[in-house]
Amino acid sequence: MTSKKIRAAVRVSILFITAFLFVQCGTSKISSSISGVIQNVNPDEAKVIPLPVYDKPTGNTFTLTSTSKIYVEPATDEIINIGNYLKEKLSASTGYPLSVVTAIKDSSLENILLTTENADSSLGDEGYKLIISKDLITLQAYKPAGLFRGIQTLRQLFPVSIESASKMPGPWEIATRIIIDHPRYKWRGAMLDVARHFFSVSDVEKYIDLLAYYKINIFHIHLSDDQGWRIMINSWPNLAKYGGSTSIDGDAGGYYTQKDFSDIVAYAKARYMTVVPEIDMPSHTNAALASYAELNCDGKARSLYTGDDVGFCSLCVDSPETYNFLDDVIKELAAITPGPYIHVGGDEAKTLPIPKYDYFVEKVEKIVHKYGKQMIGWEEISNADLTPGTISQFWVNDSLALKAVKDGIKLIMSPAPKIYLDMKYDASTKLGQDWAGYINVKTSYDWDPAELVKGITDKNIIGVEAPVWTETLKTLSDVEYMAFPRIVCSAEIGWTPAAKKNWNDFEYRLLVQQERWDVMKINYYKIPDKRLN
Ligand code: TNX
């Protein structure tokens, strides 16, 4: 078959399938108990997380082989890079070369086609259509980001050993199917606190790579707190050099050079993830107050701090020097941050009277705007007079959320009792804290952002974000244990339509993910395998 004929065939099949779906979409979901003890599992749907919007098997099998290729069209650098990412993810375990080919020029079967051509704009920026037939996988998206998200679904459709770092036997089969998918929220975030304990660039990148597997698209990095300042600011070098020298419990400190930070940003960007840097202020600033005496109202530098208290200090909000300092910090940070957001913390300023706090927040918002960025802060900022476009991150206080919404401010939902991944799973969890309660896996799954606070609906919410605070977490392995599986719960909350969410079905799919994590050698909290009962 010539390249033209193959393309024509693909297009005709996409048209045909779309028509088929139009007819099928109204049919009801079949529930059954093939899963033994776990009820309400849909036997037709693939065990993918987050659950796609539409997924229908078509009764055949596709097999990836040693001659399979990855075709990309159009052959832009960006789409070739996505092809290479897929090749990298599939070639170690299969041992196949899976060449990325920029023109459809042979008639061999079992290929994968990644294309943005003739795609339906209704898929949006991150949506995709994945058509797996016996002879060809067609992944079509309106934007390259959609191809990247669809690749994560495709990876999860292969047997779990596809994630092995060494060659495995196969066969690499997928039940043929049609998936049409797009996200519920545009903000599906994960936050990592690198201030209470420091994490190396390679640890951060490993975490980002795992997040991408679950279609998370925002990586919020908490770069400063009382116990450490983690980003080099060239005009105030002691912040990182001195203020970054400690961690909680006297553990090793550390900081990122601006080049390190840019590497993290580039790594995230290649996974269609936006980095949101946070410099916490005016409280949570002891590391800065120890590094420069002039940031203190009494002109005396504080001692470095390695405890785990919060809210006990503040920048001197009355002093012009404070705003010169913040102008420099935000200017440098904005210059190395291609994403549109700067997070300024703003939480737990317990030593400041409210009017002074509000005055500070309003001044800082102007600095953030001066450097062309959109401001985000924890919910406390909602008390100030904010400009529309600024975003408030809900964590615990309903009335602040309602005040924000009344002022036209949009919310990121990070409710502590549901999604703070540093909370213990139960009383026996060795790591973590419990001030927001224990959060078992079901609790972290079974909630809806639009039903949490009366009066706050999806039109006020831009999405969800799961923070990992690291007071008690010293290594990436500790972070993995607290994040997995609960980060995956929040990934599904952020992506899957509320009407499709179902705990029993999710629990079943989670067991399959656990097998993947064993292959990937992730440290995770195991839920009991009810399939074995
Ligand atoms: C609250 S959430 C904090 C953090 C702590 C965390 C511990 C928020 C904005 N502030 O400073 O690390 O609790 O769970």
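This is a predicted model: local features need pLDDT of at least 70, side-chain atom pairs count only at pLDDT 80 or more; totals for chains, interfaces and linings use all residues.
How far is an oxygen atom of the ligand from an N or O atom in the side chain of tryptophan 435? The answer is 2.8 Å.

Tryptophan 435 is one of 13 residues around the ligand. Among these, Arg196, Tyr420, Asp422, Trp435 and Glu471 come nearest. Glutamate 471 also places a side-chain N or O atom 2.5 Å from an oxygen atom of the ligand. A nitrogen atom of the ligand lies 3.3 Å from an N or O atom in the side chain of glutamate 348. Taken alone, the ligand exposes 360 Å². The protein buries 98% of that area.

Now move to helix H15, which covers residues 503–520. Its 18 residues reach 24 Å from the first C-alpha to the last. That is close to the 26 Å expected at 1.5 Å a residue. H15 is mostly covered, with 14 of its 18 residues buried. Asparagine 502 caps its N-terminal end. There, a side-chain oxygen of asparagine 502 lies 2.9 Å from the backbone nitrogen of asparagine 504.

What follows H15? Lysine 521 does, and its phi is positive, near 60°. Lysine 521 is a residue other than glycine. It counts as exposed because its relative accessibility is 68%, and the cut-off for exposed is over 50%.

Next, the aromatic rings. The structure holds 26 aromatic pairs. One of them joins tyrosine 445 and tryptophan 503, with 5.9 Å from centre to centre and 50° between the planes. This pair is tilted. It links distant parts of the chain, 58 residues apart. Tyrosine 445 belongs to helix H12 (residues 441–445), and tryptophan 503 belongs to H15. Both tyrosine 445 and tryptophan 503 are buried.

Tryptophan 503 also pairs with phenylalanine 506. Their ring centres are 6.1 Å apart and their planes meet at 40°, so this pair is tilted. Why are the two separated by about one helical turn? They are three residues apart in helix H15. An α-helix has 3.6 residues a turn, so residues three or four places apart point the same way.

Phenylalanine 484 leads on to the backbone. Its peptide bond to proline 485 is cis, with omega near 15°. Proline 485 sits in the loop between helix H13 (476–483) and helix H14 (486–495). A cis peptide bond also joins glutamate 73 and proline 74, where omega is about -5°. Proline 74 lies in the loop between strand S2 (70–73) and helix H2 (77–94).

Where is aspartate 249 found? It is in the loop between helix H5 (238–241) and helix H6 (258–269). Aspartate 249 counts as exposed because its relative accessibility is 54%.

Note on methods
Residues are numbered from 1 along each chain as its sequence is written. Side-chain values use heavy atoms; hydrogens and water are left out. A residue is near a molecule or strand if one of its heavy atoms lies within 4 Å of it. A polar contact is a pair of N or O atoms within 3.5 Å; within protein, one must be able to donate a hydrogen and the other to accept it, and residues adjacent in sequence count only if both atoms are side-chain atoms. Accessible areas come from the Shrake-Rupley method with a 1.4 Å probe; for residues, only the protein chains shown count as cover. Helices (H or I, at least four residues) and strands (E, at least two) are DSSP runs, numbered from the N terminus. The expected span of a helix is 1.5 Å times one less than its number of residues. Buried means under 20% relative accessible area, exposed over 50%, partly exposed in between (1.4 Å probe, protein chains only). Rings of Phe, Tyr and Trp (its six-membered ring) pair if their centres lie within 6.5 Å; planes under 30 degrees apart count as stacked, over 60 as edge-to-face and the rest as tilted.
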